[in-house]
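Hi there,

Here is the structure I promised to pass on.

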Amino acid sequence: METLAPKIIFWVFTGLMLGSALVVVLGTNLVRAAFALLATFFSVAAFYAMLGADFLAGVQILVYVGGILTLFLFGVMLTNRIYGLELETATFQLGSGALVSLTVFAVLVTVVLTTPWSQTALVEEGPTTPAIGRLLMTEYVLPFEIASVLLLVALLGAAMLVRRRIDL
Amino acid sequence: MIPLEYYLVVASALFSLGLFGLLTKKNAVNVLMSIELMFNAANINLIAFSRFVTGDTEGQVFALFVIVIAACESAVALAIVMSLYRILKGVDLPEASALKG
Amino acid sequence: MERLDTVSSLQYFVPEIVLVFSLMAVLFCDLISKNRSQSERRLVIVIPTLIGLVVALFYAFAGAGEVSAGLFNNMVALDGFGNVLRILFIASSIFVLLFTVHSKELKSVHHGELLVLLLTVTVSLIWMANSINLMMIYLALETVSIASYVMVGYLKTDRFSNEASLKYIIFGAVSSGTMLFGMSLLFGLTGSLDLYEIRAALSNQEIVASSGPALMVIIVLILAGIGFKMATVPFHFWCPDVYTGAPTPVTAFLSVGPKVAGFAVLVRFFYGGLSEPAGGHNWAMVGSVDWQTILMVVAVLTMSLGNIAALTQTNVKRLLAYSSIAHAGYIMMGAAVLTGEGIQAMVAYMVVYLFMNLGAFLVVIIVHNEIGSFEVKDYAGIWRRAPMLTLVMGVFLFSLMGIPPFAGFLAKWYVFSAVIKAGLGWFAVVGGVNSAIGAFYYLQILKTMFVDGDETPSPAKPLILQPIYAGLLFVLVVPNIIGLLLWGYLDRVAQYSQRLLDVI
Amino acid sequence: MSLDAAAVQAKIEAKFPGKIPSAELEVVDPFLFVEVDAIVDVCTYLRDDPELAFDMLHCHSAVDYLPPKNPEEARLEVVLHLTSLKHRHWIVIKVKLPRANATMPTLENVWPTANWHEREAFDLFGIQFEGHSDFRHLLLPDDWPGFPLLKDWVWPEEWHGIAVKPTAKMAERAQQGEQIGIGPFD
Amino acid sequence: MKNYLSNIWVTAKTVTIGMIITFKHLFTRSVTQQYTSEELPEERWKSSIVPDGVLQDRSRMRLHVKIEDCIGCKQCEKVCPVDCITITTEKREKTEAPLFAADGTAIKQKVVQFDIDMSLCCYCQLCVYPCPTECIVMTPEFEFAETLKSNFLYRFAKEKPAPPEPPKEEVAEPVAAGGS
Amino acid sequence: MALKRPALEATISNALSALVVGGAAGAVVVIALIPMIAGLIRDGLAARLTPTMTSVASIAIGVGATVFLITQLPIFLIWLERKIAAHIQDRLGPMRVGWHGVLQSFADGLKLLFKEDIIVDGADKFLFKLAPFLTIMGAFAAFAVLPWGEGLVISNLNIGLLYAIAITSLGAIGILMAGWASNNKYALYGGMRSAAQMVSYEIPTAIVILSVVVQVGSLNLSDVIAAQQGGVGGVTNWFIFRLYGLNVIGFILFFICGLAETNRNPFDIPEAESELVAGFHTEYSGMRFAFFFLAEYGAMFFVAALTAVLFLGGWSGPFFSGPLVLFVKTLALVFVQMWLRWTLPRLRVDQLMALCWKYLIPISFVVLIAAAIDGVVGS
Amino acid sequence: MSTQTQYKDLEPDETYAFKPEDLEEGEMILNMGPQHPSTHGVLRIELKTDGEVVNDARPHIGYLHRNFEKHAENIDYQGVIPFTDRMDYVGSMANSLSYAVAVEKLMGIELNERVECIRVIVSELQRIASHLLAIGTYGLDIGAFTPFLHSFVEREKILDLFEWLCGARLLYNYNWVGGVSHDLPEGWTGRAKVFLDQFSPVIEELDELLSHNKIFTARTATVGIIPPELAVGYALTGPNLRGSGIKWDIRKEDPYCGYEKYDFDVPVGQGRYGPIGSCWDRYYVRVDEMRQSVRILRQALDQLPAEGDVHESVPKRVKPKPGEAYGRTEAPRGELGFYVISDGSLIPMRVKGRSPCFVAMSIFHEIAKGEMLADMIAIIGSLDIVLGEIDR
C-alpha cells in the first residue's frame, strides 16, 4: 500500500498525460485537441503535487486550465467558421516529424538515464508557498519586476493586436 | 517512491510529443498547443530537479516564471493568430506563405 | 566579484529605472491624449520617449565606470562589457525611434504601443545582455521576444507583417521551449541557476567525467535559444521572412538590438558558465564538451549561408536580412576563438555594425517613403534623383563589405586579427572568402542605384529628405567614413568591454 | 392650418395637371384617384410641400374590385391613407391598377413604412412594386400558390402534404363513428 | 471620476430599493389559488377584486341547448362565425301533437340534428342573442377536457332522423355527464 | 400520440443504466478521487502515509459525507429557490409533493431520471457526455477544502484557497465544452460568454482573496478561520469588521464575483433564457441537464460558504461553533443570492465586462493595497 | 392570374434573406425564433451577427398568419368582431372597438352617452391590462422575473372585472356595432374604483422596482434609438411614436367615444437616461400612460350616465350602404384602424386591419443594426409587439 499507491497514481497520470498529449498532436479535431490539453495540464499539475510543489500545482491549474486553455479554446473558436463540428486540423510531414521527434526522444532518454544526477538533497517538503514568496521578494526580486513589465507589455500588445481599428 | 528518472523520461516524452506536433501540425493554434507541451515538459524537469537535486524552491520559482511567460506568449500568439485570421480567413501555416523566396 | 543585494544595486541601475519609468510615462501620456489629433498625439508620446532614452543614455555613459559586481544577488552583471552594450542598445533605440517618425509604413497606425514596446525591448535587452542567471537570461530573452513579436506584427492590417509576426512567434516559442528544456537539464546537472555556480559545479571533474552527453545535449538545446536571437544557422529561418514582413524601422531595430543581445548572452553563457579565465587573455573551457568547435562550425555555416543566400535576393530588406546573418557569422568568429581579443573584436564589430546597418536601413526607409518599394530593381535611377543619398548608401554598403577606408574594414580587421592571434588561420581565411562573396551583392545594389537608372527614364524629380532623416544620415555616415580615424577610440572601447565580471 | 380634401386636390391639380382623374369628396372619407405613372411624384410632393406635409403614411391597403354584374369595372386599387402630423389633416389617395399584371412603382423611398405594406400587398394581391429594395414574401410562405385576397382565388388542395381546404366537418366524420384524436395526428 | 462614483452610488441605491420591495413581497399574501385542491364550487370563482360568486353569472363557457325549446329556426347556425353549429330539420307532420317551447312559441320543425362542435367554438356568444326561444345558452361549466376530439361533438338532437344512429348516448347528455 | 412501447422501455433503460450508474458513479469517483489526491498531497507523498488505513478511512468518511452533502444540498436549494421566488412574486410555489412541496425536487429528479436521454444527432457525442461531469466535478471538488469545523475538513490543504479558485475554473471549461459539443449556435454563445465571464471575474475574486490572504498570512482555509477566532462576542475578529471597514467592500466585491462565477442573476448571461434560449445547456435533457443544475447550485453553495469562511468567521460563531454555524451563515448568503436573482434584471455582455474591468478590479486593488499597507504598518 | 398555381419546392436556404456567400469574415447567421422565449410569439428574426454584435437583421413573420381579412369577406359584419378580438389577443377590447367605430362611421350610427362612457372605461382598462403585460414581459426580457408576476397579479384583476362584465377573460366580443353586448353589472363601477385605488400605488412600486433600476436603465436607455424623423417615416404610432418625443394620440387628434370630454395628458419620451427615443423611453411612456388611464378611468366612472340602453343603437341587420370608411382608435399599441368597404350586401367587401404592431415591426431592421445580441430582445420588447396582430 505504501509503495503501491504513489506508483498507481504516477502511472495513471503518466498515461493520462501522454495519452492526451497524443490526442493533441495526433488527433484530427482541433477542439478535441484543446480539450485534451486540459487532461495534460491537469496531470502535469498532479505531477507537481507528487513532487511536493503544491503551490505550483495550484498555479498550474489556475493559469493553464483557467487561463491558457480558455484562451486556446477562444482562439480555436474565433479563428474558424464554427458552423459545424468539422474542425479538422491537417498534418503534414508525418514521417520526418516522427523520425525527428523519436530521435530526440531517444537521445534525451539516453542522456537522462545515463547521467548520474546528484540526488543528494531530498529534504522534507512542507508548504512551499512561504518559501516561494520569500524568494520572490528577496533573491528574485528583479525577475519578479521584469515579469510584471512583461505582463504589462503582453497585455498591451495583445490588446493592440486584436483591436480592429488601426489608428487607435 | 518514484525515482527521479521516471519523471525525466516522462518529461522527455512530453517534450518529444510537443516537438512532433510542432513539426506536423498545420494549424497555428495547434502548433501553439504543442509548444505548450514543451514548456510543460521543461517545467516537470525543473520541479523534479528542484525536489531531488537541490532540495529548495529555486526550481519552482523558475517554473513559476515559465508559467507566467507561457501565459504571456500564448496571449500574444493568439492575438497575432486572430489578426492574421482576419486577413487570411484561415490559420493554416502553409497558407501563410506570402513571404517565400 | 562582488555580490550586491537589492538596495545597494539600485545605484548602478539608473538607466534601466529611467527606461521603465519613461515606459510608464509614455503609456500614461498616450492614455491622457486620447482625444487629440493624431499628429499632436504622436508628439505627446514621442517626446517623453526621447527624453527617457536620452536621459538613460546619459546615465549609461555616466555609469560606465570601473566597478564590476553582480547586482541583485547575482542576477545581472555590472561590468565593462555590459556597460558598452547598454550604451549600444540605448543608442540604437534612439535611432529607431527617430526612424519611425516619418516612416511611411507606420504613418497610418497609432504609435503609442509601438513606443512602449520599443522602450520595453530596450530595457529588457539590457537585462538580457547582462544577466548571469539562467532564470534572468530566460526571462529577459522572453521579454525581448514577446515585445518584438508585437512590434513585428504592428501593421495588423498588413498581411506580410502578420505572417512575419506569426512565423517569428512560432520559431521564437519553439526555440525558447528548447532552450528552457536545456536550462532545466543544466539546472539538474549542476543544481544551480547562477552561471558562476554552474561553472564551479562543472569544474568538478567527478560530475564532468560522467555527464559528457548530457552537457552536449544541454549546449545544443541552449544554443537553439540563443541562436534564434542571433539568427545564426540553423536557427535563422525566421530571419529573412520576419525582416521582410516587419515595418522597416522595426526590422532595423531587430537587426541590431536582439542580435547584439543574443551575442551578449552567448558570451555570458559560454564565457561565464562554461569556461574560466586561464591567464592573460586566454580562456579555458570547463566540462568535457568542446563547444568551441560547435561555435566555429556555426560561425562558418552562418556566414557562408548568409552570404550565398543573399546573392540571389531581389528584395532589399531580404537582402539585408541575409547580410545580417552573414555578419552574425563574423561576430560569431570573435566569440569562438575563446580569448579576450575575441570579445574585444565582437564588441568592436557590433559597434561598427550598429552604424553601418542602421544607416543602410535608414536609406531603405527613405527610398521606400519615396518610391514605395523594397525591390532592388526599383532602386534604378536613384542616383539621378538623389545623388547625395546614393553616395551615403555607397558608404554604408562599402562599410558592410569591409572595404579599407570605411569603418567596416576596421571591424573585420579586429575579428580576423583576433582569430589569427588565437592560431586559427584557416578560420580567418574562411571569413575572408566570405567577405569577398559578400561584396558581390552589395555591389549589385550599388550598380542598380548608380548605373541602371539610365535606360529606364524615370522622372528625375529630386527625392525629398526630411530634416530629421538628413541629420540621422549624417550622424550615421560620419563614423563610417572616418572609420580608420576612430581606431584609438574603438580600441579603448574594446579594451574596456573586455572586462567581464571576473576578469579585470 | 389643416386643408380639406378639395384644397389638397386643387393643390395637386395645380402642380400635376391631369394626374387626378377623379375624386370623391362628399363621402365619409374623401379620396382622390391618382394616375399610377405620377404616383411617386405626387406622393413626394404631398410629403414635401410645407402646406401639405403628409409625413405619415399610416395605412396602405389594396382592394380587389370584381363586381359580378359589370366585369369591365374589375380592377385593383391601392389605397393610401395619409396623415400630416404637422397640420393634423388627412387624405386618402387611391391608385387604380389593372387586375392582370398589376404593377406600380414603390413608395418605399417616400415613406419607408411602405416597405412592409407593399410586401404584404404583393403577398395577398400579387401587385408588383417596382424598385422595392427587399421584395420577398412577407406573410405567406415563399412557395405559396396564388394570392389569397383576390376575389377569384381558388383554394389549393394541399400544400406540402398539408390539406389546405377545410376537411370534412367533424360532425360528418364523427357520425360514421370515427374517433378523432386531439392534435395534428388525426 | 464623478460619473464613476455616481454610477456606483446609483447602482447601489436602486438595487437596494428593489431588494426592499422584493423583501416586502416575500411576506405579502400570495394570490395563488390551489385550483384542484380547492375544488369547492363557490371557491372556484374567487377573486380579490370581484365579489365572490358573481363571475359565473355571465360566464361564456360550454354551450348548452335546451333542445326541447328549439324551434329549428337555424338563426344560430347562420350567425356562427366559425360554423360550429350544424342543424338539420324535418318538417313536423301536421298529424303530430303540437309542441310549444317554454315561452310559448310553436315548434313547427323537427330538429333531427343539432350538433355543436365545441372544438371549433370561439365562445363569442353570438348564437345566443338571435335565438327566439332562448334555448341555446352558454353555461359556466368549464371542465370539459377530452382525450378524443370526436368527443367534442355535442349532439343535442333527441329526434332521430330516418337512418339509424350509432349508439352515442353518453355524449348526448353533456351537462349531466360533465362531458365525459 | 402515445409514445411507443419499445421506445419507452429504451428510454427508461437508457436513463437508468447510462445515467444513474455511469453518471452518478462517475461523478462520485471523480469527486472522491480529487480529495484523495489532495490528501496525498497534504501528506507529502504516500511515503509518509504511515497510518495508512486510518488516513484512507478518514478520507473515505469525509468523502462519503461530502458526497452525500453535495448531492442532497442542491436538491434542497432548488426547492428553497423556488419557494423564495414564488413568495417574492406573490405566489405559493410547489405545494403538492410533501409539506409545502419539499419533496418537489425529488419528484423532479425522478422525472429527469426517467426522461429520454437525448443526444443531438450533430453533437460531438464524447464531449457532449463528458461536459456535465466536468462541470459538476469543478463545482463539487472544491468542497474538499471547505472546513466545517475544527479539523472537520476532508483535505486540509495549505494552498486551499488557490485550490478553490483553480478548481472552480474547471466549471468554465465544462460549460465551454458543453456549448461547443452541442453543435448549436445558442449553446456556443452561452459557452463563450460563460468562459469569458468566468475568466474575467476570476481576477477580482483572486485579488479579494489575496487581500484576505495578506491579512492571514496563509492560503489554508483553516488558518483563515483560526485568524478570525476570538474578539468581542466572537464576532469582531471576523474579517468583515477589520481593516477599518474596507473589508466590507472586499466582502461585497467577493459576493458579486461569486454571483458571476456561478452564473447567477444578474450575471446569468451564459444561460440568459430570454436571449440564448437556455445557453450552454440548450440541448441537454434528462440527467445530464440535472447535472448542470446540481453543479450550479453546488457552486452557489460553495461560493457562499467560501464567503462565510473568508469574511464571516467560518464555523466559529458568537455563542457556539461548529458545522451548523457555517451552514446557517452559508444559507443566509445563499438566500441573499436568491433574493438578488429575483430582484434584478440581467446585465449585457459588454456591461458585464465593463463592470469587472472598470469597477471591480480597480476597487479590489484598492482593498488589496490597503490590506498590504495595513500589514506592513502592523508588523 | 388568380387561378390556382402549384407551389414549388424550395430549398431551406432559399428562405433566408441573408445568403451565406454574402457574409463578411467572422459573421454568422443566427436564427432567432420562431421558437424562442423572447420573440413574443412565433416571430423569426434572422440575424447577421459578428460575435455579440448584430450587423443586420431581418424579421420573418407570418407564422401566425390566418388571413383575417379573407375571413372577413365571408361572414357578416357582426361576425367579424370575434375575429378582430383575436388580432391583438391581449387587447381585444380595443380591437373590437376600433372595428365597431369603423362600421359605425360607415353607417352613420350615433351612440348614446352611456355606451360611449362604457366603451371608454373598458378600453382604458384594457390599455392598463395591455401595458401591464408589456411592462411585465419587458422586465422578463431584460431578465427581471418578478415585475412580470407582480404586474400579472394586477392584470388578473382587470380580467376578473371583464369576466364579470361580459363572461370572457381574453376574447370578449364586447363591443358591437352600435353598442356593447352587456350593460355594466350592478356594483361593477364600485369594484372598478376599488381596483383603481389599490392599483395606483402598484404603478409606483413597479416604477421603483424596475424602471429606475440602474441595470435596467443601462440595458435599455441607450439602445434601440428611434429618432423622431425615422419614427414618423415608418409611421409608428402609439407609445412607440410618443417614445420618440412626438405628441400624437388619436384620442386627442381624432376623438372617438367622447374622449374629448376627459382631461388627460399625452406622455412623451423625455430621454431621461439617454438619447430620446430609446427603449427606455418607449417603456416609460407606457408606465406614464397607465397613470393617465387611471385618471381617465376615474373621470369616466364618475361621469357614467345612470340611464341609457346599451343596445339602443344596435341595428337589427348590419347592412351599410355601398361606401367605405376608415375608422381608427388609439389601441394600447398605437393607431389601430379598420378600413371597411361595403358593397351594400350583408357581408363586407373588404376589411383591412391597419395594425400598429405590423408597422412597429417593420422598423426593426433599421434600429437593430450595430446593437448587440441581447439588445435585440430589448428592442423587440420595447416595440411591444403581438404576433397575432402582426400576422393577422
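Predicted model: local features only at pLDDT ≥ 70, side-chain atom pairs only at ≥ 80, totals over all residues.

Residues are numbered from 1 along each chain as its sequence is written, chains are lettered from A and ligands numbered from 1 in the order in which they are written, and side-chain values use heavy atoms, with hydrogens and water left out.

Over all chains, the structure holds 59 salt bridges (a side-chain nitrogen of Lys or Arg within 4 Å of a carboxyl oxygen of Asp or Glu). Side chains of opposite charge can pair when their charged atoms come close.

In chain C, C:Asp241 and C:Arg318 form one such bridge, at 3.1 Å from N to O. The two sit 77 residues apart and link distant parts of the chain, with C:Asp241 in helix H12 (residues 238–245) and C:Arg318 in helix H15 (residues 316–336). Helices here are DSSP runs of H or I with at least four residues, numbered from the N terminus. C:Asp241 is buried at 8% relative accessible area, and C:Arg318 is buried at 7% (buried is under 20%, exposed over 50%, partly exposed in between, with a 1.4 Å probe and protein chains only).

Another bridge in chain C pairs C:Glu341 with C:Lys421, whose closest N and O atoms are 3.2 Å apart. C:Glu341 belongs to helix H16 (residues 340–371) and C:Lys421 to helix H19 (residues 407–421), so this pair ties together parts 80 residues apart in sequence. Here C:Glu341 is buried at 17%, whereas C:Lys421 is exposed at 62%.

Over in chain F, F:Asp108 and F:Arg82 meet at 2.7 Å, N to O, in a salt bridge. F:Asp108 is partly exposed at 23%, and F:Arg82 is partly exposed at 31%.

Finally, the surface: C:Leu43, C:Ile47, C:Ile51, C:Val55, C:Phe58 and C:Tyr59 make a nonpolar patch of about 570 Å². Patch residues have over 30% relative accessible area and no salt bridge, with nonpolar side chains (Val, Leu, Ile, Met, Phe, Trp, Tyr) joined within 5 Å and like charges within 9 Å. One of the residues, C:Val55, lies in helix H3 (residues 38–63) of chain C and is partly exposed at 31%.

Best wishes

Conventions. Areas by Shrake-Rupley, 256 points an atom, 1.4 Å probe, with all protein chains shown as cover.
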